[in-house]
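Student: Could we go through this model by question and answer, with the cut-offs stated as we go?

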Amino acid sequence: MRGARVNNLQDVSLDIPKRRLTVFTGVSGSGKSSLVFGTIAAESQRMINETYSAFLRGFMPTITRPDVDLLDGLTTAIIVDQERLGADPRSTVGTATDANALLRILFSRLGRPHLGPPQAFSFNVASLSGAGAVTVERGGRTVKERRSFRVTGGMCPRCEGRGSVTDIDLTALYDETKSLREDPFTIPGYSMEGWFGRIFLGSGYFDPDKPIRRYTSRELRDLLHREATKITVDGINLTYEGLIPRLKRSVLSKDVDALQPHVRAFVERAVTFATCPDCDGTRLTAGARSSTIGGTSIADACALQISDLAAWVHGLDEPTVAPLLEGLGATLDSFVEIGLGYLSLDRRSGTLSGGEAQRTKMIRHLGSSLTDVTYVFDEPSTGLHPHDVEQMNHLLLQLRDKGNTVLVVEHEPEMIAIADHVVDLGPGAGDGGGRIVFEGTVAGLRASGTVTGCHLADRAALKPTLRTPSGVLRVRGATTHNLRDVDVDIPLGVLVVVTGVAGSGKSSLVHGSVSGREGVVSVDQGVLRGSRRSNPATYTGLLDPVRTAFAKANGVKAALFSSNSEGACPACNGSGVVQTDLAVVAAVATVCEVCEGRRFDAAVLQHRLGGKDISEVLALSVSQAAEFFGEGGVRLPAARVILGRLVDVGLGYLTLGQPLSTLSGGERQRVKLATHLGEKGGLYVLDEPTTGLHLADVERLLGLLDRLVDDGRSVVVIEHHQAVVAHADWIIDLGPGAGHDGGRVVFEGTPADLVASRATLTGTHLAAHVGR
């Protein structure tokens, strides 16, 4: 690599050894992801796509060439990142890994009674039938023949393969005292202004001046349940659809957790989800459930823990399907080998954590016959207990030993230790990073004096004094997922860490029994919602008081200071660049010649606040903005508070206008944490806040947690990081294993007691870490 300048990389040149395991490390925001994913992996994928015909490339996403002078010696890159798997309710662990496809073939061959082809066992295929006349040419004559067809699918017709049905509270959809002209709908985005209102008012099904409560049964049925119908409004052909079918199609067909916050709040208020009574949550028809192999149906097989399902498959002795059993058994064994044997194939893929999703993607590659390819991993230790990290190390070395190049972005010392080659980026984050500060062996890194090298040998110490709880939060009879009727008292007013091996039930206990309570602020691992125009200023709400201050100082409307509204540059619509679509060739993005990338209309930039225009404010880093809006510049307390939270979580180097899409995983989670710090609540729940954090950044996080507790808050952290576990006032350890081997509280007490007892896997590893 020569001259890489993607994001904050500063003309980086580097030689990476092939067929070796190379670990890229450095503080959060130093440029690791830009180097590995934004440069190496992106160029490899782009060049592979160019080998396809222009016709095929028309159906593929176009990838722009990264800003680098030379990349030579590239091999095919296989990216195994932490992006969540599909959030569709019909996407499961089985469908995401093709295990379900093999299982459906198995039941179509061996199931009794015999149902039909594999699609008869698929909850994504509906049963269809039809008949009618067709016209065919035969012997020079046109004749009509009657034809019929039937497709046997496995989709439950009641829930349409989702496993749950919905009951909608009509009072949450509209105000029945209002007429259509009075804009009665309370559904987000359903306003009588624009096309939506024109369709309803012009449909002719209702009197627009009559309150909804006075509608006849037919009018109410048309309003709520009418299926898609072609209508003409003002000479324009449009489609009218009742509220409930429209909601089911546009909102309820998606995973609730993937919706925007205001839409999710509406769904949680208006919709009740219940297990489908017809299929009992299996998503399958009665016919698909009736066909069994040795008394086990496909629904029973998918509900089994994968380790148990693997044993069942290996126990089948059918020579006629021997290759199928071998392939399915190998796939299921890969789940167990990678530490996911506690999952079941019917687990919704949207409920997997980032670490689980990444390891699920690895399943495809463990048994691959390909060699001399480049595997790219994004923090594979995420969500892993120290006990599981050893297993992951073995798998990475196994991929390397098959003759592949393995590139890993990682902070975990135990994973850095197995590297053949280490590349350390820094020395700081953002503009202060983007350079190679060390390249060589692990031993050389320890002696290098870089931030990573200095912290590599860090060992956490147990706190000499512990806080005294101010009360307890009682959990009784918790049975979420694999929890076994758990009773536990969670101390309040202290720092509590919930730990245990992956799949032991930590998230089930905390999110299932604590997060939903009043006064609890939960910061989970969900991705940030927002378009490519979103940035830290818009996401945290910082831009609202800033726009108001600009408007007040200049006597104009606040909307002028939004690049998504009236203040946008007319040439680029506020994006700062002009995209030129070149069809199958990568699109070209050029800086807008009118606004020169500043995104605002020239007239807007004439308005200033404290000597700066709005584009100059957005170009400030968080730390610079905190000073600008603090004592030394324009006093704006509302902005100063938000900026202070961003500084507290270690994001002082980010620029306010930096697109969220360019942030690393750790940065995105800390932006989310900073936003939640502004919420009022007595109990904070954090789900693995060390994800994406460098060893040096963990110290800052511990300081933040201490400040929260010292300010009178209670903090519960789901975490594996040894430094966080050692820093706890109280530990709740779940296990002893994963899946049905876990789900129990195996230890409650102080870190010192856990180290002294060494009664659990966590205790054994913590004792070794603190040197006891």
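Helices, pairs and salt bridges

Student: Which helices are among what covers the buried residues of helix 20?

Tutor: This is a predicted model, in which local features need pLDDT of at least 70 and side-chain atom pairs count only at pLDDT 80 or more, while totals for chains, interfaces and linings use all residues. Residues are numbered from 1 along each chain as its sequence is written, and side-chain values use heavy atoms, with hydrogens and water left out. Helices (H or I, at least four residues) and strands (E, at least two) are DSSP runs numbered from the N terminus; buried means under 20% relative accessible area, exposed over 50% and partly exposed in between, with a 1.4 Å probe and protein chains only. The cover of the buried residues of helix 20 includes helix 19 (536–539), helix 21 (614–618) and helix 23 (637–648).

Student: Which residues of helix 20 are buried, and what is the phi of the glycine just after this helix?

Tutor: The buried residues of helix 20 are Leu543, Pro545, Val546, Arg547, Ala549, Phe550 and Ala551. Just after the helix comes glycine 555, whose phi is positive, at about 65 degrees.

Student: How far apart are the end C-alpha atoms of helix 25?

Tutor: The expected span of a helix is 1.5 Å times one less than its number of residues. Helix 25 (residues 695–710) has 16 residues and should therefore span 22 Å. This agrees with the distance between its end C-alpha atoms, 23 Å.

Student: Is phenylalanine 59 buried or exposed?

Tutor: Phenylalanine 59 sits in the loop between helix 2 (54–57) and strand 3 (68–70). Its relative accessibility is 64%, so phenylalanine 59 counts as exposed.

Student: What are the centre-to-centre distance and plane angle of the aromatic pair of tyrosine 375 and phenylalanine 377?

Tutor: Rings of Phe, Tyr and Trp (its six-membered ring) pair if their centres lie within 6.5 Å; planes under 30 degrees apart count as stacked, over 60 as edge-to-face and the rest as tilted. The structure holds 15 aromatic pairs. Tyrosine 375 counts as buried because its relative accessibility is 1%, and phenylalanine 377 is buried at 1% as well. Their pair is stacked, with values of 6.4 Å and 20 degrees.

Student: Which residues does histidine 421 contact, leaving aside its neighbours within four places in sequence?

Tutor: Histidine 421 lies in strand 15 (residues 421–426). With a relative accessible area of 14%, histidine 421 is buried. Contact means heavy atoms within 4.5 Å. Apart from those sequence neighbours, the contacts of histidine 421 are Asp15, Pro17, Leu21, Thr22, Val23, Glu439 and Gly440.

Student: How far apart are the closest N and O atoms in the salt bridge of glutamate 43 with arginine 46?

Tutor: A salt bridge is a side-chain nitrogen of Lys or Arg within 4 Å of a carboxyl oxygen of Asp or Glu, and a search of the whole structure finds 31 of them. Glutamate 43 and arginine 46 both belong to helix 1 (residues 32–49), three residues apart, about one turn of the helix. Glutamate 43 is buried at 3% relative accessibility, as is arginine 46 at 14%. The closest N and O atoms of the two are separated by 2.8 Å.

Student: Which residues are linked in a network of salt bridges?

Tutor: Asp706 is one of the buried residues of helix 25. Asp706 also belongs to the network, whose members are Lys463, Arg467, Asp706, Asp710 and Asp729.
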